[in-house]
Amino acid sequence: MTSTPRRFRPTFWATFFAGLGVALMFGLGVWQIDRLGTKQDMIAEREARPALEALDATELLAIDDAAPFEFRRAELTGRYLHDREMLLLARSMNRNVGYQVVTPFVLETGEELLVNRGWIPDDREDPATRAEGQVEGKVTIEALVRRPGTENWLVPDNVPADPTGGNASGGGEWFWMELPAMREAAGLAPSGPPLYLEATASDVPGGFPIGGQTRLELRNDHLQYAITWFLLGGALAIIWFVFHWRREETVGNEPGGTKAAGPKAGGTKTGAGS
């Protein structure tokens, strides 16, 4: 018994949509490869810069572009203006909802910077509930340099003044680090380096705020994503090929074909005088 032969007969619409899908999936795979390189650079930057020698006040104040210095350590001496602190809302730590405390810091030379001191739970919004951590007088801090945030459509607008008194600290409602507006709300001079600081983890009296909130470790799953897209694209291409690798139809079943005549049952009838 012979098997029915096959031949490749692609159809237009199936080929069109399969080609579109394969191109899209392979394009997404290439995009993830590009993202992989970008993420690797970001991870290397966050690993290397904190290990560099700490910046002092003079070096910090001379910065006019914070990007090359982001995540560098700085060691500064000065005093906090706790009565002007502001809270960054909707911040979590270990799945617990809370705030991050941003406080003006006056250097020994008189210049003023904003420092994100760290996280507090939502029941410590009122500074009176964490009075031990409101250290007065001259202190020396270690912090990481950060660039100001950028607004996007997923984040609510900041509210510099809170007329309802919703914030116990009286510092308005802040969802992202809008540096000029926050400096103005804190009563600081509008000029200053284009950066703020995030305190590193340290022992704070009373335990709050908890420093070290900077994300230095980043997930990098882009290689897995790229492989997934390439495999999906390859699978779709294989399905398209197999679908069109059809069995050869018999001549009689071909469109417009003529069915071959065969002998009738019972054989051929002969004439009487044969």
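Strand S6 (residues 139–146) is the main contributor to the lining of the second largest pocket in this predicted model, supplying four residues. In total, 14 residues line this pocket, and those nearest its centre are Tyr-80, Arg-117, Ile-141, Ser-202 and Val-204. The space inside comes to about 270 Å³, and the lining divides into eight nonpolar, three polar and three charged residues. Two of the central residues also meet each other: Arg-117 lies over the face of Tyr-80, at 4.8 Å from the ring centre.

The largest pocket holds about 480 Å³ of space. Its lining is made of 21 residues, with Arg-91, Arg-146, Met-177, Tyr-196 and Glu-198 nearest the centre. Strand S3 (86–93) and strand S7 (196–199) are the elements that give two or more residues to this lining. By residue class, the lining comprises eight nonpolar, seven polar and six charged residues.

Turning to the aromatic residues, a search of the whole structure finds eight aromatic pairs. The rings of Phe-12 and Trp-13 are an edge-to-face pair, because their planes stand at 80°, with 4.8 Å between the centres. Phe-12 also pairs with Phe-16, this time in a stacked arrangement, at 6.3 Å centre to centre and 20° between the planes. Phe-12 and Phe-16 are four residues apart in helix H1 (residues 12–48), so about one helical turn separates them. Together with Trp-13 and Phe-17, Phe-12 and Phe-16 form one aromatic cluster. As for accessibility, Phe-12 and Trp-13 are both exposed; the relative accessibility of Phe-12 is 56%. Phe-16, with a relative accessible area of 41%, is partly exposed.

Technical notes:
Residues numbered from 1 in each chain as written. Predicted model: local features only at pLDDT ≥ 70, side-chain atom pairs only at ≥ 80, totals over all residues. Heavy atoms only, no water. Phe/Tyr/Trp six-rings, centres within 6.5 Å; stacked < 30°, edge-to-face > 60°. Buried < 20%, exposed > 50% of the residue type's maximum accessible area, 1.4 Å probe, protein only. Lys NZ or Arg CZ within 6 Å of the ring centre and 35° of its normal. 1 Å grid on protein atoms, 1.4 Å probe; cavity = no way out; pocket = protein on both sides within 12 Å on 5 of 7 lines; lining within 4 Å. Points joined across faces, edges and corners; volume = space filled by probe spheres on them. Nonpolar A, V, L, I, M, F, W, Y, C, P; charged D, E, K, R; others polar.
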